[in-house]
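The report that follows is meant to be read beside the sequence and the model.

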Amino acid sequence: MAGEEPKNVFDAEAASSLARELRGTFLSGKTRSYEWRVSQLKALLKLVDDNEQEIVDALRSDLSKPPMESVVCEIGLLKNSCKVSLRELKHWMKPEKVKTSITTFPSSAEIVPEPLGVALVISAWNYPILLSLDPVVGAIAAGNAVVLKPSEISPATSSLLAKLLGKYMDNSCVRVVEGAADETTALLQQKWDKIFYTGNARIGRTVMTAAAKHLTPVVLELGGKSPAVVDSNINIKVASRRIIAGKWGCNNGQACISPDYIITTKDYAPKLVDALKTELETFYGKNPLESKDLSRIVNSNHFGRLTKLLDEDKVSGKIVYGGERDESKLMIAPTILLDVPRNSLIMNEEIFGPLLPIITVDKLEESFDVINSGTKPLAAYLFTNNKKLKEQFAKGISAGGLVVNDTTLHLAVHTLPFGGVGESGIGAYHGKFSFDAFTHKKAVLYRSFHGDAAVRYPPYSYMKLRLMKALIGGSINGIIRALFG
Amino acid sequence: MNSSIALEREVEELREYYESGKTKEASWRETQLRGLRSFLQEKEEEIFKALEKDLRKHHIEAFRDEVGTLIKSLNLALSSLKQWMSGKKAKLPNIALLSSAEIVPEPLGVVLIISSWNFPIGAVAAGNTAVLKPSELAPACSALLASGLLSYLDKKAIKVIQGDPEVVKQLLEQRWDKIFFTGSPRVGRIVMSSAVKYLTPVTLELGGKCPAVIDSLSSSFDREVAVKRILVGKFGTCAGQACISVDYILVEKSFTSVLLDLMKVWMKKMFGENPRELKTVARIVNKQHFLRLKNLLADQRVQESLVYGGSMDEDNLFIEPTIMVNPPLEAAIMTEEIFGPLLPIITVEKIEDSIKFINSRPKPLALYVFTKNQSLQRRMISETSSGSVTFNDTIIQYAADSLPFGGVGESGFGNYHGKFSFDTFSHEKAILRRSFLTEFWFRFPPWTVNKHQLLEVAYNYDYLGLLLVLLGLRRFKGRGSSV
């Protein structure tokens, strides 16, 4: 019809058609071969290698992310993930033989990993390359078809991902859907075999509700207030640098595992504040708003949210460092606050920004109660040389992951499962855990026609019961006794 | 009948007790596991009586399938507990000098187990406190658990709450750290939707139509064994009222009459001329399910396909073991999980056609395949999807503690048995320990070209490269972007 614009809306019908198409491709068996998975993982590596500059530029556009952070925290980690998967894939794909007992004798058994089918990956805006592609690596390694929905809050990266994945990957099995709430809703109405979501708890609940309708298992990588407990008698210079690196060095505090707040003793707090101030100046200079090594706040929405936390009456007077902001640049300088009230806004929601409150206690052991009075965080950090404290921390604090004497690094260790517990999430990934997250562990039992125990079958008798008890008990003596009375 | 507030209070108590730390101790867990075992051993007679009352289950069937397997699982848990509880070291790359990493399992907290007859072995071994909600369809068993079990366990940590679906609804409104549900997909959806409120992880053990594929076996010995195992896997297992009962059979057209003849012979041998008298076949659990099954047979075309059995005794809730050949595929008996002693046989041209048949239906909890043909075995594993695959037998995979027991797709997600039970009720916590002594000073801003270079080689575990850069012997390959 003349004059009508073609509609490119991704609605429920488009979502349904996409899911159907990918399911068809999956059922053809294409994604299951080792060769296909390797080709796709290699394609991802090439995608990142060939387009590093464009990726850095997109991240700069969306987040003013310093190129070094982009290269190290996003590109570097993703490449590592691909390489680990390529190196280990054969081993991961192999069925695992397991022992069988006398109860099923004679038999042999194995656990066969099989792909779940078609996966949906919904990603976040703060590490839009890593958090989009790392789960996709897992989905592909496990032999699934996958749809990626990048965050619309990082639009340059979203559109770059759509372009590059379209160019480098097998489009019959790997697709990108761009968009916001409407498109996500349309996708969530479909039946997927697994949904992998990274983001906040509110949307996490929406995702899980949608998944429940189709009995779809989910991984939810959420957040929380990750505390850092700081003891005295430590190398305070090193500790400060590691706290700064984990906080402002990670997207200016906009990372799910940034230390959200610090707990230390009243006596030690001044020393810690001084050390942090010194190191912050070394890192970012006297005028951090001008520093090129800090990400900006992602949008005015979050800028407003963070300034509100800072400007709350009982909090604004507690700033001991920083507090400067530039709305035109969406920049907030690294800010430290001391002894904000526990019932302030800043202590009751995940900060996700460059504000670091320090809470003080009389004895450091009290910090555990402070942490346990809140919901379980994604990460918890402890700086100490006290062995007993380390043990108490490991035993007494429940979080997704714990790090002693550093922050955030556990994200980079692929042999550790990365995920939350309680409000901070469900499931985990990285390394083999990514492969497992998108896999069904199918139990396979091979029985012989021989070695049948007549005890199993009716008509039942007392003798059969005795023999069965002995068989299940697994003791040879018991069996002999039962057989010979 | 528990009011909502009383229920909330009970769950609060469980949470307080959990937070006291008592249930984390290995000794506490061992005591509970031994208590469970003592209950099974000392109360064996009462358990058999309760099962007899609820289901008219023969006590040997009860032992084989329930008591016996539970004791076996408890023995395994007791002997393996220390090992399961200990952390696992995680490998670190050499560059991570003076660091260590491990994965430590910790209990989730307060868990809810909604089940037919599931024991909280995994929950307790993993150090949680728990509420058990047994099925109200088996009231004698439910009552026995409530009264009997609690004298063997720590009452402050494990509670049995009985009642109807309304009670389940109230339970689902409380805050749990894990929900373990066994039942139908319909209720599974309700459970998972309720779990959203507190982002509670769930394990759903659902059902489905478990097919048994029977290849044209040439040896008469094999044929007999196959038939016996299938009959026991259907009629000898709670009269087909088990999530892993054989639901229907797939067989090549040419083999059907051989199969049927053998089945009739062995039906008589195992269940007698008059199964109701011999009590070797359990009865239907209640009137509602009896009528449901009666309805499945009411379809005229299904009636016409009957080849054995078909008689029903409504007063005694008894249905005779019944076999039919090729009922219409769109009839309810072929679209719903049967969960009863009715066995459809579906014929296919070639046995390989059963793969397509299975794949056109929701993924089942178990797939049984009777064949010696290794190529068919391989195809079955790689071309179909199910919770599990068992070759040349039925049901028995349930007793293999080294295999995960759980579904996929419509048959559920998550698994248990053996160590998988322990894992299902645990959180695997990652712990990374660093020293103050080593540092990658190039981790920190302000960023320079040199630091970029160093990070690159460090990331690639390129130790030689690292050395060269540090010694100033490697040049930076410019990437065009200013750093």
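Are Phe235(B) and Phe271(B) buried or exposed? Both are buried, where buried means under 20% relative accessible area, exposed over 50% and partly exposed in between, with a 1.4 Å probe and protein chains only.

## Basis of the model

This is a predicted model, in which local features need pLDDT of at least 70 and side-chain atom pairs count only at pLDDT 80 or more, while totals for chains, interfaces and linings use all residues. Residues are numbered from 1 along each chain as its sequence is written, chains are lettered from A and ligands numbered from 1 in the order in which they are written, and side-chain values use heavy atoms, with hydrogens and water left out.

## Aromatic pairs

Over all chains there are 16 aromatic pairs (rings of Phe, Tyr and Trp, the last by its six-membered ring, with centres within 6.5 Å; planes under 30 degrees apart are stacked, over 60 edge-to-face, the rest tilted). The ring centres of Phe235(B) and Phe271(B) are 6.2 Å apart and their planes stand at 85°, so this pair is edge-to-face. It joins distant parts of the chain, 36 residues apart: Phe235(B) is in the loop between α9 (220-234) and β9 (248-252) of chain B, and Phe271(B) is in helix α10 (residues 256-271) of chain B. Helices (H or I, at least four residues) and strands (E, at least two) are DSSP runs, numbered from the N terminus.

Tyr398(B) and Phe405(B) also pair edge-to-face, because their centres are 5.0 Å apart and their planes are at 85°. Tyr398(B) is partly exposed, with a relative accessible area of 24%, whereas Phe405(B) is buried at 5%.

## Interface of the two chains

Contact (heavy atoms within 4.5 Å) involves 101 residues of chain A and 108 residues of chain B. The two chains bury about 8600 Å² between them, 64% of it on carbon and sulfur atoms; this is the accessible area (1.4 Å probe) lost on being put together, summed over both parts. In chain A, Met68(A), Leu215(A) and Phe449(A) lose the most area to chain B, together 11% of what that side buries.

Two salt bridges (a side-chain nitrogen of Lys or Arg within 4 Å of a carboxyl oxygen of Asp or Glu) are found across the interface of chain A and chain B.
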